[in-house]
Amino acid sequence: MYTPDCRLGSYGTSQMAQSSKAKLPRILICTAILAGLWWLIVQGRADAWLIGLPAVALASWASIRLGSQPLPQLSVTGLIVFIALFLRESVRGGIDVARRTLGPGLRIEPGFHRYRLHISHPAARVLLINCIGLLPGTLAADLDGDHAELHLLDTGVNPDLQLLRLEQAVARLFCLTLETGDD
């Protein structure tokens, strides 16, 4: 349920201005992230900002207006580690899939694998599920409660150790600890 963030202060003054000031860092961070993503997508082309500026502004407005969760705390060290892992696994995954599918003889044995997630924060889970496809021969096909259903190119290879490393990197990025329990 939406309730406006306008309350009367102890002197009867509106706190709407204070609420707007509190949202300013969130708006700036969101806009900077979206602008950075746009810049990467268009490979730094200046002429693309004709479409990019309205798109970033609209996406930023929608994100702030529709987003009900505050931005999670992020770790700078965790971000550096995550970016390194992201780049390394992107290259490894691309090389592995190319080697399996383009080399002599199609070396795949496709199938599904169920993996229990050890992270519960919603934003961290979304990032994790979207990054699973970076790992060699894996793709997240479904999320069912605390389990991810993965499609594998080779069911003879168990991806659990790689998935746990990715999950640890995402947890470190979001300043979280992994939940332990029965696997």
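The side chain of Glu179 makes a polar contact of 2.7 Å with the side chain of Ser120. This contact belongs to a predicted model, in which Glu179 is placed in the segment after helix H5.

**Surroundings of Glu179**

- Beyond its neighbours within four places in sequence, Glu179 is in contact with Arg116, His118 and Ser120.
- Glu179 and Leu117 lie 62 residues apart in sequence, yet their C-alpha atoms are 8.5 Å apart in space.
- The relative accessible area of Glu179 is 37%, so this residue counts as partly exposed.

**The sheet and its helix**

- An open sheet is formed by three strands in the order S1-S3-S2, and their pairing is antiparallel.
- Strands S1 (111-116) and S2 (138-144) each have a single partner strand and stand at the edges, so one side of each is left without a neighbour in the sheet.
- On average, and with direction ignored, neighbouring strands of this sheet are turned by 30 degrees against each other.
- The antiparallel strands S2 and S3 (residues 147-152) are joined by six bridges.
- Within this pair, Ala140 stands opposite Leu150 in S3.
- Helix H5 (residues 160-173) packs on the sheet and touches S1 and S3. The direction of H5 makes about 45 degrees with that of S1.

**The two faces of helix H4**

- In helix H4 (residues 122-131), the buried residues are Ala124, Arg125, Leu128, Ile129 and Cys131.
- An α-helix has 3.6 residues a turn, so residues three or four places apart point the same way.
- Val126 and Asn130 are exposed, and they are carried on the face of H4 turned away from its buried side.
- The cover over the buried residues of H4 includes helix H3 (76-102), strands S2 and S3, and helix H5.

**Asp154 in the loop between S3 and H5**

- Asp154 is located in the loop between strand S3 and helix H5.
- The side chain of Asp154 is joined to the side chain of Arg100 by a polar contact of 3.2 Å.
- With neighbours within four places in sequence left aside, the residues in contact with Asp154 are Arg100 and Glu109.

**Residues with positive phi**

- Gln43 is a residue other than glycine, and its phi has a positive value near 55 degrees.
- Gln43 is situated in the loop between helix H1 (16-41) and helix H2 (49-66).
- With a relative accessible area of 70%, Gln43 is exposed; the cut-off for that class is over 50%.
- Cys175 is likewise not a glycine, and its phi is positive at about 55 degrees.
- Cys175 is found in the segment after H5, and Glu179 also lies in that segment.
- The relative accessibility of Cys175 is 39%, so Cys175 counts as partly exposed.

Terms used. Residues are numbered from 1 along each chain as its sequence is written. This is a predicted model: local features need pLDDT of at least 70, side-chain atom pairs count only at pLDDT 80 or more; totals for chains, interfaces and linings use all residues. Side-chain values use heavy atoms; hydrogens and water are left out. Two strands pair if DSSP finds at least two bridges between them. Helices (H or I, at least four residues) and strands (E, at least two) are DSSP runs, numbered from the N terminus. Axes are lines fitted to C-alpha atoms, for helices over the stretch in contact, and angles run from 0 to 180 degrees between N-to-C directions. Contact means heavy atoms within 4.5 Å. Buried means under 20% relative accessible area, exposed over 50%, partly exposed in between (1.4 Å probe, protein chains only). A polar contact is a pair of N or O atoms within 3.5 Å; within protein, one must be able to donate a hydrogen and the other to accept it, and residues adjacent in sequence count only if both atoms are side-chain atoms.
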